[in-house]
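Work through the exercises below with the sequence and the model side by side. Try each task before reading its solution.

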Amino acid sequence: MGPLPDVRPSAVGGRGAAATSVLRTEDLTVRFDGLTALNGVNFELQRGELRAVIGPNGAGKSTFFNCLTGVLRPTAGRILFGGDDITDLGPDRISQKGIARSYQITNILPNVTTLENVRIAAQSRRHRWSMLRHYRAYHDLIAEAEAVLDAVGLLMKANELAANLSHGEQRNLEIGIALATKPTVLCLDEPTAGMSAAETRDTMELVRRIAKDLTILIVEHDMQVVMGLADRITVLHYGQVLAEGAPAEIQRNPRVQEVYLKI
Amino acid sequence: MTKRDTRSFWIGFAVIVALLAAAPLVLPPFWRHFVTEILIWGLLAMSSDLLIGYTGLISFGHSAFFGLGVYGAAAALLLVAPPNLFLAIALGLAAAALVAGFVAFFSTRLRDIYFAITTLIFSQIFYVIIFTWTSVTGGENGLTFTRPGLGVPGLYVVRFTPTTMHWFVLAVVALSYLVLRRITRSPFGMVLQAIRENEGRTRAIGYHVEHYKIVAVMLSGVFAGLAGVLYALQNEFAAADFVFFLVSGETVIYNVMGGIGTLVGPIVGAAFFLLLREALSRFFTEYYLIPLGVIFIAMVIFMPQGLLGFARRWLNR
C-alpha cells in the first residue's frame, strides 16, 4: 500500500491550534413518534482526534450519525461544524462542507468499476458540471482516485466491477469513497461490520493510518475493536451520553460495564 | 476506450451515416420519407434515453417536449415573415426547454413511478391546453405552414427538396448523437449514471442530485424539442396529437425495444418498431396492434436488453 493522498483539512479553522473543536452538537434530540432516539446529546470533536462512539444496539449511534451527515433532521438542538450551523443542511451540502461518511451496510455503486466509485467521489470537488469533455480527459481526478485506491489497498482491483469485490474489499472501498471527497472529518459507521477477524485487523490498521491526517469519528458496537484505536470514546446509551473519556477510563467505568454486561 | 476502439467507432459511424445519406437517392418517395421519419423519431427516442438509460428516470412526458418543439417552430414560421429556419429552430428549442424546465422543477422531487406519473400528467395538461386553445394552436385542426429554405435569409436561400431535407435531418440527428454521446461520457454524464446506480450515495458524496436531474430533464427536453422542430419542418403541420401521451409511450417502447443506455439502441428500436408497424398494418389491416403487442411482449421477455443488447451478446458468443 502506498502513501496516502493529500486529504488534509483545508476549509475549517487553523491547523496547529491545539484542541480546537471541529464538530459540536448542542442538545441534539431526535424523536420518532413516541420514541426518543437521541436525547439532548452534547458532543464535541477536537481537530485531529480519533473518536469512537460506542453503545449497545439501539443506543442511537446510527441516528446520531445520520444527523451529523444530514440524512436526518434533528427534532431539536444544533450541530456546529467549524463555527457554521449545519443543522438544516442536506447530505450533499454537508459533504461539500467537509464531513464524509461510510455506511454500516455497504453502499457503493455496484455496476461501475472500483476506480469509478472513487473517481466520481473525487469529481464532486471539481469539474463536476463539465459536459463537453470526456471524463477520462481529467487526468488529475484519475490520479487522485488511484492514490486513494492505493491507500485503501484496492489499486489492484481498480478495473473490477465493484459488485465483484469481496465483502471486505467493498467495506474498504466504502472508506475510499469517503476519503476521495477530501473530508475534514471522516465518519465511519461500523467499518468492520461483517468482517472476519483478519479483515477487521487490516481495516483497523487502515483507519489508524488515515487518522494521522484526519479527524475521525468511528461508530462501533464492539467495544474491543476500538479500545486500542481511539483517542477518546463516547458511550451512548438510550440516546444519551453515558460516559466519555480515554479508552482505559471507559473500560473501568462501572456504569459502562453494567450496560455492556447486561447485553 | 482504446485507440482501436475509437477508430472502429468512427469507421462504423461514417459507414452508417454514408448509407443513410445515400438512402434518398435510391429509395422510392414513400420509403425515403419513411427513413427521414425514423431518424426524427430516433432522435426523440435518443433524447429520452438520456433519462431512462443514463439517469434511471422514466419519462412518460416526452410528447410535451416534442410537441412544444413542433409548436414553437410553427409559431416562428407563422408569425415572422419571411419564414426563417434558424428562428424556427431557436423558438422550438426555447419552447421545449421552457416546458422541460417547468416539468423538471416539479417532477425531479419524486422518484421512480412517481416521476413517471408526474411527467405523464404534465404532458397531458399541455395536450389539453393545446387541444382546447383553438384560437392560438388551431385546436383539433392544428396548424399548417410552409417550410423555410436553408441558408441566410436575404443573402442566399435554397429551397428544401425531399432529398436535401433528408440530409438536413440526418446531419442534425448525427450531430445530436455525437453531442449526447459526449455528454453521457462527460463528468456530468458520469454523475447521472451514479444517480442511476445509487442516488443516496451520490448525494452523500456531495452532489446536489435534484439539480443534476433538472439539467438532465432539460437537456433531454431540448433534444426532444429538436426532434419536434425537424418533424414540423418535414411535414409542415402541427397537431395536438403530437403532444398526446401515445407519443410518449411509443418513445419508451423504442427505448425498450432497442436497448436502453446505448443511445444507438433507441434509434434501432424506432426503426424496428416503425417498420414492424408498417409491415403488420399491411397484413393485418386495422388489427395490426394485436401482433405488434404480442411481439413487443415477447421481446421484453426474451430480450430484456433490447435489440442492441441482444445483438451484442450474440456477437460475443
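**Exercise 1.** Which residue of β8(A) is the bridge partner of A:I54?

*Solution.* The partner is A:E220. Residues are numbered from 1 along each chain as its sequence is written, while chains are lettered from A and ligands numbered from 1 in the order in which they are written. Helices (H or I, at least four residues) and strands (E, at least two) are DSSP runs, numbered from the N terminus.

**Exercise 2.** Is β3(A) mostly covered or uncovered?

*Solution.* It is mostly covered: five of its five residues are buried. Buried means 20 or more other C-beta atoms within 10 Å of a residue's own; exposed means 12 or fewer, and partly exposed lies in between, with C-beta atoms placed from the backbone. Now sort the side chains. A:L50, A:A52 and A:I54 point one way, and A:R51 and A:V53 point the other way.

**Exercise 3.** Describe the hairpin of β1(A) and β2(A).

*Solution.* β1 (residues 21-32) and β2 (residues 35-46) of chain A pair in the antiparallel sense over eight bridges. A:F32 has A:L35 as its bridge partner. Two residues sit between the strands, and A:G34 takes a positive phi near 95°.

**Exercise 4.** Why does B:T119 count as buried?

*Solution.* B:T119 counts as buried because 30 other C-beta atoms lie within 10 Å. Locate it next: B:T119 is in helix α5 (residues 112-132) of chain B. Then list its contacts (C-beta atoms, placed from the backbone, within 7 Å). Leaving aside neighbours within four places in sequence, they are B:S59, B:F60, B:G61, B:V103 and B:S107. Finally, compare sequence and space. B:T119 and B:H62 are 57 residues apart in sequence and 7.9 Å apart in space, C-alpha to C-alpha.

**Exercise 5.** How many residues of each chain meet the other?

*Solution.* 28 residues of chain A are in contact with 19 residues of chain B. On the chain A side, α2 (91-97) and α3 are the elements that give two or more residues. α2(A) gives the most, with four residues.

**Exercise 6.** Where is confidence lowest and highest among the elements of chain A?

*Solution.* Start with the average: chain A has a pLDDT of 87, and 92% of the residues score at least 70. Helix α9 (residues 254-262) of chain A is lowest, at a mean of 79, and helix α3 (residues 114-123) of chain A is highest, at 96. Over residues 7-17 of chain A the pLDDT is below 50. Where pLDDT is low, the predicted coordinates should not be read in detail.

Notes. Predicted model: local features only at pLDDT ≥ 70, side-chain atom pairs only at ≥ 80, totals over all residues. pLDDT = per-residue confidence, 0-100. Contact = placed C-beta atoms within 7 Å. Pairing = 2+ DSSP bridges.
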